[in-house]
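Dear colleague,

Please find the structure below, together with its sequence. A summary of the findings follows, written so that each point may be checked against the display.

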Amino acid sequence: MPTNVLVAYGTTNGSTAEIAETIAEVLRKEGLTADALPAGAVPDVAAYDAVVVGGGLYAGHWHKDARRFVRRHRKDLARRPLWFFSSGPLDPSASERDIPPVPGVKRAMARLDVREHVTFGGCLREGAKGWVARMILRNGKGGDFRDFERIEAWAAKIAHEPAVV
Ligand SMILES: Cc1cc2nc3c(=O)[nH]c(=O)nc-3n(C[C@H](O)[C@H](O)[C@H](O)COP(=O)(O)O)c2cc1C
């Protein structure tokens, strides 16, 4: 049976969900089975052999759904190959250099033996929720900084890890 991978994500405005879907698509192309699901909608990870958790960054924190997911399932996650990603910076910085995890994510990584964390560029488009988002957009600081080539390459790398194949 092919390895079954869960890609769980925390999103407010949908762009992290699209990153998660892309990762799951690449994993499927590489011959694995994979589901991309909202982190808050996953009751149980028992069916999965490996897990990727991603969250949008908000005020220096991982999205709350990603944080809760990791807390709730920590025992099961500790027994599975595990990767984290964050999506946030609204500039090209994430494609130019490695951006370390925010402190809360770093702490969770230490507790759970996470194999790797990567920060991808974020995305903020018209219609995003909240007054801060509207202010950022009004100041011309929005845009789509997700680098799908890099996202796809990272997913392909996961698919070829010895623990997953
Ligand atoms: C209120 C607000 C706070 C944000 N805080 C951060 C932050 O602390 N660090 C960061 O890199 N990006 C930050 N961003 C950018 C978001 O992380 C980015 O838009 C991300 O792609 C959102 O993911 P989502 O569309 O899945 O919700 C912030 C955006 C908003 C609207």
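**Salt bridges**

The side chains of lysine 157 and glutamate 116 meet in a salt bridge, at 3.0 Å from N to O. This pair links distant parts of the chain, for lysine 157 lies in helix H7 and glutamate 116 in strand S6, 41 residues apart. Please note that the model is predicted. Lysine 157 has a relative accessibility of 39% and therefore counts as partly exposed. Glutamate 116 is also partly exposed, with a relative accessible area of 25%.

How many salt bridges does the structure hold? The count is seven. Another of them is formed by arginine 125 and glutamate 18, whose closest N and O atoms are 3.5 Å apart. Arginine 125 lies in the loop between strand S7 (123–124) and H6, whereas glutamate 18 belongs to helix H1, so this pair ties together parts that are 107 residues apart in sequence. Arginine 125 is partly exposed at 38% relative accessibility, and glutamate 18 is partly exposed with a relative accessible area of 34%.

A further salt bridge joins aspartate 144 to arginine 146, with 2.8 Å between the closest N and O atoms. Which of these two residues is buried, and which is partly exposed? Aspartate 144 has 41% relative accessibility, so it counts as partly exposed. Arginine 146 has a relative accessible area of 10%, and because the limit for a buried residue is under 20%, arginine 146 is buried. Through shared partners, salt bridges join Glu18, Arg125, Asp144 and Arg146 into one network.

**Aromatic pairs**

A pair of aromatic rings is described by the distance of the centres and the angle of the planes. The number of aromatic pairs found comes to four. In one of them, the ring centres of tryptophan 62 and phenylalanine 84 are 4.7 Å apart and the planes stand at 50 degrees, so the pair is tilted. Tryptophan 62 is part of strand S4 (residues 61–62) and phenylalanine 84 of strand S5 (residues 82–87), so the pair ties together parts that are 22 residues apart in sequence. Tryptophan 62 and phenylalanine 84 are both buried.

Phenylalanine 120 and tryptophan 154 form an edge-to-face pair, with 5.8 Å from centre to centre and 75 degrees between the planes.

**Surface patches**

Which residues form the negative surface patch? They are Glu21, Glu25, Glu149 and Glu152. Helix H1 (15–29) and helix H7 (148–159) are the elements that give two or more residues to this patch. Glutamate 21, which is found in helix H1, is partly exposed with a relative accessible area of 34%.

There is also a nonpolar surface patch of about 310 Å², made by Trp131, Val132 and Met135. Methionine 135 lies in helix H6 (residues 131–138) and is partly exposed, its relative accessible area being 35%.

**Backbone angles**

Alanine 59 has a phi near 50 degrees, a positive value in a residue other than glycine. Alanine 59 is in the loop between strand S3 (50–58) and S4, and its relative accessibility of 80% means that alanine 59 counts as exposed.

Aspartate 113, likewise a residue other than glycine, has a positive phi, near 60 degrees. Aspartate 113 sits in the loop between helix H5 (103–112) and S6. With 64% relative accessibility, aspartate 113 counts as exposed.

With kind regards

Technical notes: Residues numbered from 1 in each chain as written. Predicted model: local features only at pLDDT ≥ 70, side-chain atom pairs only at ≥ 80, totals over all residues. Heavy atoms only, no water. Patch = residues over 30% accessible without salt bridge, like charges linked within 9 Å, V, L, I, M, F, W, Y side chains within 5 Å. Areas by Shrake-Rupley, 256 points an atom, 1.4 Å probe, with all protein chains shown as cover. Salt bridge = Lys/Arg side-chain N within 4 Å of Asp/Glu carboxyl O. Lys, Arg positive; Asp, Glu negative; His and termini not counted. Charge placed at Lys NZ, Arg CZ, Asp CG, Glu CD. Helix = DSSP H or I, 4+ residues; strand = E, 2+ residues; numbered from the N terminus. Buried < 20%, exposed > 50% of the residue type's maximum accessible area, 1.4 Å probe, protein only. Phe/Tyr/Trp six-rings, centres within 6.5 Å; stacked < 30°, edge-to-face > 60°.
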